[in-house]
Each structure stands twice: as C-alpha cells, then as structure tokens.
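Dear colleague,

Please find below the structure that I am handing over to you. My notes on its nonpolar cores and salt bridges follow.

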Amino acid sequence: MPARLQPTVERLRRGMSPEIEPFHAIAISRKAHQLAAEGRSIIHMEFGQPSTGAPRAAIEAAHRVLDTDGMGYWESMPLKTRIALHYREAHAVEVDPEQVILTCGASPAFVLALSCLFTPGDRVAFARPGYVAYRNTLKALHLDPVEIGCGAEERYQITAAAIDRLDPTPKGLILASPANPTGTIIADEELAAIAEVCRRRGIRIVSDEIYHGLSYVGPARSMLQDAPDALVVNSFSKYYSMAGWRLGWLIVPPSLIDAARARMGNLFLTPPSLAQHAGLVAFDCRDELEGHVRTYARNRDLLLAALPALGLRRIAPPDGAFYVYADIGHLTDDSLVFCMDLLMETGVATAPGIDFDPVEGGRFMRFSFAVSTDRVEDALARMRPWFAARAHVDLSA
C-alpha cells in the first residue's frame, strides 16, 4: 500500500471521519441576526454576498415561469450555450456547451471537480490564506490539503515558484483569482507561469473564478486561456447577485464530461429549474450588474481611505472581489474574540481571519464591502471610536 494512503485507510478502517472545522463567520452571523431580532442595528459585513438582489429582468422572468411552468428536474441547454458563449466573448476560449455542468452553486461544483480528478490520499495544494471550504472539502473527500503560506511579499497569492518548490509534487492545485479573503488577483504572466509549472509536473488545476467580473484593476484572466485541461468553477452568487438562487457551473475538459455528469446526477440531480430560467436572463443584465460593481468600487475607496486612520495600515491589495483583509496583529492575536467584541459593541459584523488561515489568521480580519455605500459609511462611523479606544494595546510597539 502506498505510504500516502495509510493514514486515510486506517481512519476509514476505524470508522472515523475527517475532522471538519467550523466556519466561524457563520457563528458571527448567527449572533448578528440574534441581536437584530432583539432590536439592535446591525451592519452585515461578515459574508461575501451582495446586499442587492437578482437583476430586475431575471426576477420578472422567474415570475412568468412560476405562472406557466410546473418545472422539475431539468438542465437548461440555452443556459449552457450562453455560458459557453461567455468564454468565447470574454476570454477567446472555445468551450463546448456539453463541457458546462450546471450545479447548485459553486460548492457542489468543487465536490464534482475534486472527486473527478483525485482519489483518497491525494495531495492538493492551495494558498493560505484561502477560502475555508477548500481545506474542509478536501478533508471531507479524504484528500490531503497542502497549504502554501502566502504573505505580503507575495501579495497574499500563490506563485509559480512556490508551486515548483513543493516536494513531493501534489496531484492538484486550487487557484482563486480574485481570491477570498484577500481580493488579490494573480497577474496574467504569473498565471501563465503557474500553468507551465503544473503542466511540467503533472499537477491538475481547479480554478475558482467565482469573483470574475468583480475587478478594479482590469479584467481577470481565466485559467482556461493558459491551461485548457483546467477545471473551472463559477457561480451566479457574486457578480450576478443571485446567492440565494443556488446556481453555478463547472467547466470540465471533454475527457471528464461523463464522470462529472454521473456525479452531478447521483449527488445533486440538477440545479433549481427556476434559478436556471432566471440565470439565463441575468447573464445579459450587464448595465444593472455593472452598476453594482461601481457601488463596490466606491465602497472599496471609502475603506482604503478610512482604514489607516483606524490603525489598519497593513492590508492585502483588494484588486477584485469585495473584501478587505486587514492585519490586526498590533491589537490582538485572537481574531474570533476581536470580531465578536466588535459586533457586540458596535453592531458591525465582520469575519475573523482564522477561517481563512489556521496559522496566522488570529491576527487578521476580513471586511466585506458588498453592501450599500451608506452602510459602509455608517460602519466606519461606528468603528472609529471603537478602534481608537484600543490603540493603546498596540502589540507591535
């Protein structure tokens, strides 16, 4: 038996499941909703979800469908075709509609991608800090997470050089650009270099492109442009402002179409029919959606201008998405307690860094600015005296 499989097989033999850590931002949000129910004024900056709803035309289409279609298990070929057209228009990449697997959001798309590519015990690398579900989904599938620490020197992003140094070579790599929690974007030339390293070393790529469309430094490049055999995850939850509709997609190479479809059919059946009808219309609501992006850009500028006065001067470059990931190490080494105190005392809900980085995350926090501009302004007004009162505990002095 290969040595890499021994811990996994022993755990299965003893009937043990891998330990899955909690998503601490959910605990923050639960408390925030409890406080709101008690009459407190709460500003939700803890989750990466737009405060706006689906585009107006998409909602109108959904109303029409509700009146005329009984719906059922269904996979929309028009939507798959529209998504394939998007890759041709936005990235000059040819995708056959059959390569598009419609999913119930991005999370099932990750399960499909990982289970198609890897077997228990395989090592899969990703950046730290990174989205909490990367680590926990890998564990749930009995895969071995390999976290690559990325700090300010690397702009909190993974590099081709870091991947090339990995020994032993992992079977897979998860990329995110723009990234959660940092909002950083990998430069085009670095993406090409990462693709070359992975091709040379036989590393399969899963590219999380859920924040495409939300960029403040120019369009984000799709990994398909450099690695045609990459598996690409995307969703209607972020740019399209449809988080609650649970609709996403996975792009797979032709060789994996049958495997991905089999897993989708057995594990999840199909995405909601109503969401698919609405999603097709949402794809072409660009004017309304770009208006959301302009709001996020204003919110980003407000935070970047105001956070230094709060003592938060070390932040990841928020190139895209709708996050600011800030170093609070001069104030605390327990970000969960810090964020809970901030919520209880100001009503501003944020996410603790330990969700995204189990090593250094105790001294980081994440703000989501996917809310209205007036809510960002209100949050800053509440936080200014709160942070000022803590300036005396500067741990870096």
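A nonpolar core is understood here as a set of buried Ala, Val, Leu, Ile, Met, Phe, Trp, Tyr and Cys residues joined through side-chain atoms within 4.5 Å. Please note that this is a predicted model.

The largest such core comprises 94 residues, and Trp 249 and Phe 387 have the most contacts inside it. Helix α5, residues 106-117, gives the most to this core, contributing eight residues. Another core, of 23 residues, lies apart from it and includes Cys 198, Ile 205, Met 223 and Ala 227.

As to charged contacts, the structure holds 22 salt bridges. One of them joins Arg 261 to Glu 98, with the closest N and O atoms 4.0 Å apart. Arg 261 belongs to helix α9 (residues 257-267) and Glu 98 to the loop between α4 (77-91) and β2 (100-103), so this pair ties together parts that are 163 residues apart in sequence. Arg 261 is partly exposed at 35% relative accessibility, and Glu 98 is partly exposed at 31%.

Asp 164 forms a salt bridge with Arg 200, the closest N and O atoms being 3.2 Å apart. Because Asp 164 lies in helix α7 (residues 160-165) and Arg 200 in helix α8 (residues 188-201), the pair ties together parts 36 residues apart in sequence. Asp 164 also meets Arg 201 in a salt bridge, at 3.9 Å from N to O. Asp 164 is partly exposed, at 32%, as is Arg 200, at 49%.

With kind regards

Conventions:
Residues numbered from 1 in each chain as written. Predicted model: local features only at pLDDT ≥ 70, side-chain atom pairs only at ≥ 80, totals over all residues. Heavy atoms only, no water. Buried < 20%, exposed > 50% of the residue type's maximum accessible area, 1.4 Å probe, protein only. Helix = DSSP H or I, 4+ residues; strand = E, 2+ residues; numbered from the N terminus. Salt bridge = Lys/Arg side-chain N within 4 Å of Asp/Glu carboxyl O.
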